[in-house]
Amino acid sequence: MTASRRRWLSGIGEHAVLEPDTWVDGAWVLSIGGAQQSHVDVGHPGEIFYEYLRRLANHLDLLREPGVPLRVLHLGAGALTLARYVHATRPGSAQVAVDSERELLAFVLDALPMPAGAALRTLAGDARAVLSAELAGQEYDAIVLDVFSGSDAPAHLTGPDFYGELAAHLAPGGAALINVGDDPPLTFAKSQLTAMESVFGFVSASAPADLFGGRYPGNMILMGTDAAWDAPRLDVLRAAGPHPAAVLSGTGLDGFRKP
């Protein structure tokens with residue numbers, strides 16, 4: 001078995017560890033400070049193990065016609081699971097990955113390089129600072145935010161002003177995809193839904209069906225766009241799972257919005 005690899009992350013004072021998945025040959029698990037963060041199957045990048053990442057990938061699958069290259073900005077890099085997926089399913093895509101931990105980006109790419117021909121630019125720094133500096137004036141078909149959960153969320157990445165900055169970096173028809181992890185009663189997730197609805201013309205939420213009851217912890221994918229996804233498109237997204245799946249938008253979110 002391939003040996004695990006370890007790197008000290010000076011920014012947060014924790015070790016990042018890449019270990020072979022004991023169940024899936026050729027796959028790796030990234031942990032930071034002992035907590036699992038990412039799973040990536042470098043030999044089969046189209047196979048996504050984590051449920052919330054699969055939901056994110058499903059949104060990207062429906063954003064444009066199959067196989068059409070996308071411009072994707074990843075705020076939060078992890079093991080670059082989603083970036084590898086986009087390259088595999090949409091060759092020629094131009095991607096940017098931003099992470100606040102410079103050592104993490106170098107560690108992951110040294111241990112698990114991107115495939116030959118992948119157009120990926122990596123930047124180290126705070127997501128909002130990078131947006132307004134190195135990426136000023138850039139437009140993307142999709143912006144994926146995966147940097148926080150619940151009480152750990154940096155305040156400057158959670159308000160309407162920040163989501164407005166994301167919207168300004170989206171091409172027409174593009175989508176902001178936000179991974180929100182939360183615990184009951186999902187107060188933080190509701191606050192992010194409200195913030196996004198104040199910025200985007202259309203917002204949807206995708207999650208395990210029982211999460212919307214507010215009694216269980218979990219991850220919810222919020223999508224904000226300038227153009228509504230019609231019912232048939234949302235039905236395809238819902239059918240893509242993972243199951244049991246719910247995709248809510250508009251008045252369908254009224255029950256969830258209640259305190």
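The model is a predicted one, in which local features need pLDDT of at least 70 and side-chain atom pairs count only at pLDDT 80 or more, whereas totals for chains, interfaces and linings use all residues. Residues are numbered from 1 along each chain as its sequence is written, and side-chain values use heavy atoms, with hydrogens and water left out.

Strand β11 (residues 218–225) runs antiparallel to strand β9 (residues 170–182), and eight bridges join the two. Within this pairing, L177 stands opposite M223 of β11, and N179 has I221 of β11 as its bridge partner. Strand β10 (residues 202–208) also pairs with β11 in the antiparallel sense, over five bridges, and here A205 stands opposite L222 of β11. Two strands are taken as paired if DSSP finds at least two bridges between them.

Strands β9, β11 and β10 belong to an open sheet of eight strands with mixed pairing, in the order β7-β6-β5-β8-β9-β11-β10-β12. At the edges stand β7 (119–124) and β12 (245–249), each with a single partner strand, so one side of each is left without a neighbour in the sheet. From one strand to the next, the twist averages 15°. Strands of a sheet pair through backbone hydrogen bonds, either parallel or antiparallel.

Helix α2 (residues 81–89) packs on the sheet and touches β5 (71–75), β6 (94–99), β7 and β8 (140–145), while its direction makes about 180° with that of β6. Such angles run from 0 to 180 degrees between N-to-C directions, the axes being lines fitted to C-alpha atoms, for helices over the stretch in contact; contact means heavy atoms within 4.5 Å. Helix α2 is mostly covered, with seven of its nine residues buried, namely T81, L82, A83, R84, Y85, V86 and H87.

## Salt bridges

The structure holds nine salt bridges, each defined as a side-chain nitrogen of Lys or Arg within 4 Å of a carboxyl oxygen of Asp or Glu. One of them joins the side chains of R128 and E165, at 2.8 Å from N to O. R128 lies in helix α4 (residues 127–132) and E165 in helix α5 (residues 160–168), so this pair ties together parts that are 37 residues apart in sequence. R128 counts as buried, at 17% relative accessibility, whereas E165 is partly exposed, with a relative accessible area of 24%.

A further salt bridge is formed by R257 and E197, whose closest N and O atoms are 2.5 Å apart. This pair links distant parts of the chain, since R257 is in helix α8 (residues 254–257) and E197 in helix α6 (residues 187–197), 60 residues apart. R257 is partly exposed at a relative accessible area of 29%, and E197 likewise counts as partly exposed, at 30%. The side chains of D235 and R238 also meet in a salt bridge, at 2.7 Å from N to O; both residues lie in helix α7 (residues 231–239), three residues apart, which is about one turn of the helix. D235 counts as partly exposed at 41% relative accessibility, as does R238 at 28%.

## The protein as a whole

The secondary structure comes to eight helices and 12 strands, where helices (H or I, at least four residues) and strands (E, at least two) are DSSP runs numbered from the N terminus. The radius of gyration is 17 Å, close to the 18 Å that the globule rule gives for 259 residues, so the protein is as compact as a globular protein of that length; this radius is taken over C-alpha atoms, and the rule is 2.2 Å times the number of residues to the power 0.38. Along the principal axes, the C-alpha atoms fill a box of roughly 50 × 40 × 35 Å.

Of the 259 residues, 49% count as buried. Among contacts in the protein with a separation of 6 or more, 64% are accounted for by residues 24 or more positions apart. The protein exposes about 11400 Å², of which carbon and sulfur atoms supply 54%; accessible areas come from the Shrake-Rupley method with a 1.4 Å probe, and for residues only the protein chains shown count as cover.

Note on methods:
Buried means under 20% relative accessible area, exposed over 50%, partly exposed in between (1.4 Å probe, protein chains only).
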